[in-house]
Amino acid sequence: MTNQEYYTKYLDYLIFERKLSKNTIASYQDNLKRFETFLNGKKIPNLSRKDIEDFLNFNSNMAEKSRAHYITVIKNFYEFLSLEDLIQNNPCETIKMPKISKTLPPYLTEKEIDKLLDIKLETPFDYRNKAMLELLYATGIRVSELINLKLNNLDLQNDLIRVVGKGSKERISPISDIAEKYLKIYISEYRNQLLKKKNSEYLFINNFGNPISRQGFFKNLKQIAKRQGIDKEISPHTLRHSYATHLLQNGADLRVIQELLGHSDITTTQIYTHLLNDQIKKDYFNYHPRAKK
């Protein structure tokens with residue numbers, strides 16, 4: 001078998017059996033393509049642990065997370081080949097994952113969120129942007145989930161939306177009264193104006209009458225943040241992190257936040273507890289009579 005045939009078998013497994021998302025598949029393909037380029041003709045079954053480590057050490061400036069992702073992809077690839085009896089020896093068996101230092105993602109304070117969402121509403125685009133931002137902060141959904149929302153994903157009568165997340169997993173998310181209010185205004189009064197007599201099942205529409213793209217939303221968000229005087233570097237994920245952080249600060253259970261964010265593993269959600277621990281320490285030193293030096 002050629003190296004390419006090994007990769008094809010593995011990617012088919014990820015697509016048809018694991019049913020991973022398109023983005024995940026694309027990420028794996030990119031990593032394996034870079035791996036193949038580095039091998040420069042060496043055959044997959046003949047590789048040693050040193051070959052794998054040489055590849056991982058090839059880019060010494062690689063971030064810890066990127067390195068960990070490469071290791072995950074290659075280890076999983078070789079594990080698949082072993083289970084399918086396509087190779088005799090697995091050179092990745094003793095390669096360990098690097099320890100990744102966890103840092104709290106950037107987020108906005110509640111005052112900054114209020115400032116960001118206080119949009120002057122004049123045009124159909126303003127009402128669309130208002131509805132999008134209110135929904136993002138009300139639900140903490142990913143931007144990919146937001147732009148792929150369809151009209152039939154909404155249950156405004158019961159204040160719910162159905163979200164299709166990573167790995168095509170569905171979850172139900174409640175929405176706030178204010179998000180519901182601006183969604184209804186956008187849908188009833190402005191969405192058809194943006195469609196320009198086109199038909200679309202997608203909820204949020206751009207100025208060409210097509211579904212808004214991730215890049216389009218990001219560009220709008222940056223412009224709105226600048227106009228509203230938000231100095232922090234901001235991205236769609238900033239609103240997701242703000243949502244989770246504010247829920248935790250106001251007493252929400254971590255398991256509930258995990259469910260709302262669509263995290264399959266609680267350890268992914270636990271990063272937000274760092275913030276709460278920092279706040280506890282700050283309050284302790286501020287208010288305990290014997291804590292101050």
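Of the chain's 293 residues, 40% count as buried (under 20% relative accessible area, with a 1.4 Å probe and protein chains only). This is a predicted model, in which local features need pLDDT of at least 70, side-chain atom pairs count only at pLDDT 80 or more, and totals for chains, interfaces and linings use all residues. Residues are numbered from 1 along each chain as its sequence is written, and side-chain values use heavy atoms, with hydrogens and water left out.

**Exercise 1. Classify how helix α2 meets helix α3.**

Step 1: find the geometry. The axes of α2 (residues 22-39) and α3 (residues 49-58) come within 11 Å and cross at roughly 110°. Axes here are lines fitted to C-alpha atoms over the stretch in contact, with angles from 0 to 180 degrees between N-to-C directions.

Step 2: name the arrangement. Because angles of 65 to 115 degrees count as roughly perpendicular, α2 is roughly perpendicular to α3.

Step 3: list the residues in contact (heavy atoms within 4.5 Å). Helix α2 brings Asn-31, Arg-34, Phe-35 and Phe-38, while α3 brings Asp-51, Ile-52, Asp-54, Phe-55 and Phe-58.

Step 4: sort them by class. The α2 and α3 contact has 5 nonpolar, 1 polar and 3 charged residues. Ala, Val, Leu, Ile, Met, Phe, Trp, Tyr, Cys and Pro count as nonpolar, Asp, Glu, Lys and Arg as charged, and the others, Gly among them, as polar.

**Exercise 2. Now do likewise for α6 and α10.**

Step 1: helix α6 (residues 124-139) packs against helix α10 (residues 236-249) at about 40°, their axes 7 Å apart.

**Exercise 3. Describe the ring pair of Tyr-186 and Phe-204.**

Step 1: a search of the whole structure gives 13 aromatic pairs, meaning rings of Phe, Tyr and Trp (its six-membered ring) with centres within 6.5 Å.

Step 2: the centres of the Tyr-186 and Phe-204 rings are 5.5 Å apart and their planes lie at 25°, so the pair is stacked (planes under 30 degrees apart).

Step 3: Tyr-186 sits in helix α8 (residues 177-195) and Phe-204 in the loop between α8 and α9 (214-227), 18 residues apart. Both Tyr-186 and Phe-204 are buried.

Terms used. Buried < 20%, exposed > 50% of the residue type's maximum accessible area, 1.4 Å probe, protein only. Helix = DSSP H or I, 4+ residues; strand = E, 2+ residues; numbered from the N terminus. Parallel < 35°, antiparallel > 145°, perpendicular 65-115°, else oblique. Phe/Tyr/Trp six-rings, centres within 6.5 Å; stacked < 30°, edge-to-face > 60°.
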